[in-house]
Amino acid sequence: MREFIKPAVFLLAMVPFVLLLVRALTNDLGPDPAQELSIETGEWTLRFLLATLALTPLRQLTGQPEFVRNRRMLGLFALFYATVHLLVWMTFILGFRWFAIVEEIVERPYITVGFTAFMIMVALGLTSPKAMVRKLGKNWKRLHRLVYVAAVLGVVHLLWILRTDVSEAVLYGSIVFVLLGYRFIQYLNKKRRAVA
Ligand code: HEM
């Protein structure tokens, strides 16, 4: 049974991408296909990032090690969707005009924030193989705590974009808040135990 979980998670994580591809190929992306692709890939980036963050607490609360066995894969899927998100923006929105791309990253705060989150995710992706975990030792854990910064920046990026309806950003923001709160309580408990 266990050997089927990983391929099943992989296939499920590919579903949003395949559906978007089908919609693009069948001209079913609505009046502004570039914006629709941008919004969908951005949303899936954030969803995968939050799902990755939720796996450690889920393992601890349920005692099921299976949750963390798929953590790296889900994290890499978040990076995959973020890369597609970035490529959609660079290609379909800015037409690969390098000067405009750099200008937007520097001058538009919501792009600066999204790009910073993306760079953090690239750093985490590059250091995710087992060999890097061994090589970095204690620093690996410290570096990978930045995943929370990426998630917060992702929500800020979303809040900056949404103009009227903020309910979605509030939902994602609340999930990050609960996950951060859980880790903070854990940290306090650990400190208390160390003192006692
Ligand atoms: C690589 C740098 C990034 C760039 C240049 C970028 C740019 C954009 C753009 C242009 C949009 C569409 C805005 C519109 O509605 O017109 C968008 C939407 C979005 N982005 Fe990003 N983004 C980046 C990184 C990220 C990252 C890392 C995340 C998540 C952690 C993210 C999450 C989102 C979300 C959730 C939306 C959808 C907003 C909605 O529902 O309307 N983005 N982004």
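Mentor: Read along the sequence, the pattern is α-α-α-α-α-α-α-α-α-α. This is a predicted model, in which local features need pLDDT of at least 70 and side-chain atom pairs count only at pLDDT 80 or more, while totals for chains, interfaces and linings use all residues. Residues are numbered from 1 along each chain as its sequence is written.

Trainee: How many helices and strands are in the chain?

Mentor: Helices (H or I, at least four residues) and strands (E, at least two) are DSSP runs, numbered from the N terminus. By that rule the chain has 0 strands, and its helices number 10.

Trainee: Which element gives the most residues to the shell around the ligand?

Mentor: A residue belongs to the shell if its C-beta atom, placed from the backbone, lies within 6 Å of the molecule. There are 23 residues around the ligand, with G42, G114, A117, F118 and G154 coming nearest. Two or more residues each come from helix 2 (33-62), helix 4 (71-93), helix 6 (109-126) and helix 9 (146-161). The most, 8 residues, come from helix 2.

Trainee: How are helix 5 and helix 6 oriented where they pack?

Mentor: The axes, lines fitted to C-alpha atoms over the stretch in contact, lie 5 Å apart for helix 5 (residues 98-107) and helix 6. Their angle, on a scale from 0 to 180 degrees between N-to-C directions, is about 95°. Angles of 65 to 115 degrees count as roughly perpendicular, under 35 as roughly parallel, over 145 as roughly antiparallel and the rest as oblique. Helix 5 is therefore, relative to helix 6, roughly perpendicular.

Trainee: Is A151 buried or exposed?

Mentor: A residue is buried if 20 or more other C-beta atoms lie within 10 Å of its own, exposed if 12 or fewer, and partly exposed in between. A151 lies in helix 9. Because 25 other C-beta atoms lie within 10 Å, A151 is buried.

Trainee: How far apart in space are A151 and L50?

Mentor: Leaving aside neighbours within four places in sequence, A151 is in contact (C-beta atoms, placed from the backbone, within 7 Å) with L49, L50, L53 and V176. A151 and L50 are 101 residues apart in sequence, and their C-alpha to C-alpha distance is 7.0 Å.

Technical notes. Two residues are in contact if their C-beta atoms, placed from the backbone, lie within 7 Å.
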